Amino acid sequence: MDMKRSNRPWQRWDDPEVASAIDDYWTSSAYEASHRRILAEMVAEYAGIAGRRLLEVGCGSGLVYSELVPTVAPNDSYTGVDVSTEMLSIARSRHEDAQFVRGDAYDLPFGSSEFDVVTCFEVLVHLPSILRPIAELMRVSRRLVIFTVWLSSSGETERTDEKHAGVRFLHNEYSLEDILQAVSSAHGHNGWNVEVRVLSPSLWALVLLKDSPLAPPSNTINARIRPFPGVIEAIRRDYAQRIARLEQGLASKEAQAEQLQGNLASKEVEVADLQGNLASKEVEVADLQGNLASKEVEVADLQGSLATRDCALDRLGRSARAAAMELDVQRSRRAVRYIGRFLDRLSLDDQIAPSFQQLRDDSLLYCSITRGYKLQPSESLHRVPFLDYRVEIRNRRLRGVLLAPILDAPATKGSLGLEVVRDDGRTLIHVLKAATEIGGEVPLLIEFPPIGGAAAAGYLLRVFALDVDVPIRLFEWRKYSLFGLGPVQRRAFCGFVFAS
Ligand SMILES: C[S@@+](CC[C@H](N)C(=O)[O-])C[C@H]1O[C@@H](n2cnc3c(N)ncnc32)[C@H](O)[C@@H]1O
């Protein structure tokens, strides 16, 4: 017996998971269970005629056995045969003391007439041909064979397939004529009589009885077709149940649909809200973009004005420097200089800001100022190479000088220089300070490393300008002799910073 799958692509009951999935379906379906019960009742109805040795061909997972034993047949009279090891192992686990053997309906491993009753339910529909299996069923039975077939509605044999647990199986529906033809060619009319029992409009059972008083199948076969008692009722019940299930399903689908419509409506409201929000956000964005654009225009305008102002400022700076130069030239004229000498009010001594007070005090202390000195601007450092002032520092270490420079306009370049020269002519300090740092509000501090301190010392403070682009002068003390016509005596107007 060759039962290898490759030779029988239609026989895939041993594919992984198939047997257990199909068994699950059979045990959970009330419809399938009612069929098995009806079949068991049918066997019971004929068993009195047949005796007790019972063979079930294609016994599957032993569910028919559950209906047959022990109500219909005693346990030891039952043998189940099936081609699938998976189905058999489920059947064995379900009924440990039953006899289940492996075998093929095309070649049953039993002797002729070994059983009284042979049943075969829901098997032939999955086989590619029925002639040989029907002949085998009849061979091993002594008196009674009951098998089920699916009747085609068209009256012609129809070969289709169906899916169980994702696997395709044959599903062949036969005309009654073809089935009876198979029965008769299997064993001729050799003492067998046929009764057809209707289990459902398409599932029919054929009951073959040996040596019964019934006539052999012939043209009068319709006369022997009768529904199994209660089948019509069962069919009615079954359809009523199906209709109830469908109505239930429909009702729940309608409820679902209603819920979905509710959801849809609320989603539509949400979408409408979102669209509203979006529209208002778009308006906001458009507004912001408008504002931004106008701000950009403002900024551009401001930048333009700023540039114009910068130009104007630049021009003003240049004019201021030119005017300052001009003023310097005017001042340098003798007449102007001498007029200044006679005017007492030109002493700025009593007008200096508090921030210049230290310069006043220090210069009185260290620069030998006597009566008659006026605080006035010096010569322009553009006109003289430098201005020298003598100072006397006693026992202190000098580390900075405060001066009061005057710029007629802000300088943009150059430096103010300071040298401290000792009495013996040696230059101790040489410092440059950027002219741009000269403000005029506060004294200009020029710092340097500390010098002197041991004893009284006289120094020369030498102040000069390097490459400054406006006239630069210093406030200094001035004393005029000979009614303003003689030489001028000059003293430094400066403060001092000492190292502690
Ligand atoms: C649809 S099931 C029916 C099982 C059982 N008779 C019932 O009604 O619950 C078909 C059974 O026939 C078996 N089968 C298929 N081809 C067979 C063959 N050639 N010989 C024996 N058993 C076969 C399968 O293994 C499977 O268990």
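Two strands are taken to pair if DSSP finds at least two bridges between them, and the strands themselves (E, at least two residues), like the helices (H or I, at least four residues), are DSSP runs numbered from the N terminus. Residues are numbered from 1 along each chain as its sequence is written. The structure is a predicted model, in which local features need pLDDT of at least 70 and side-chain atom pairs count only at pLDDT 80 or more, whereas totals for chains, interfaces and linings use all residues.

A separate description applies to an open sheet of three strands, which are arranged in the order 17-13-21 with antiparallel pairing. Strand 17 (444-451) and strand 21 (495-498) each have a single partner strand and stand at the edges, so one side of each is left without a neighbour in the sheet. From one strand to the next the twist averages 20°, where axes are lines fitted to C-alpha atoms, for helices over the stretch in contact, and angles run from 0 to 180 degrees between N-to-C directions. Strand 13 (residues 398-403) is connected to strand 17 by five bridges, and Leu444 in strand 17 is the bridge partner of Leu403. Helix 9 (residues 357-366) lies across strand 13 and strand 21, and runs at about 85° to strand 21; contact between two residues requires their C-beta atoms, placed from the backbone, to lie within 7 Å.

Around the ligand there are 19 residues, of which Gly58, Gly60, Val83, Ser84 and Ala105 come nearest, a residue being near a molecule or strand if its C-beta atom, placed from the backbone, lies within 6 Å of it. This shell comprises 11 nonpolar, five polar and three charged residues, with Ala, Val, Leu, Ile, Met, Phe, Trp, Tyr, Cys and Pro counted as nonpolar, Asp, Glu, Lys and Arg as charged, and the others, Gly among them, as polar.

The pLDDT, the predictor's confidence in each residue from 0 to 100, averages 85 over the protein, and 88% of the residues score at least 70. Among the elements, the mean is highest for strand 3 (residues 99-102), at 97, and lowest for strand 10 (residues 225-227), at 51. Over residues 214-224 the pLDDT is below 50, and the model gives this stretch 14 contacts beyond near neighbours in sequence.
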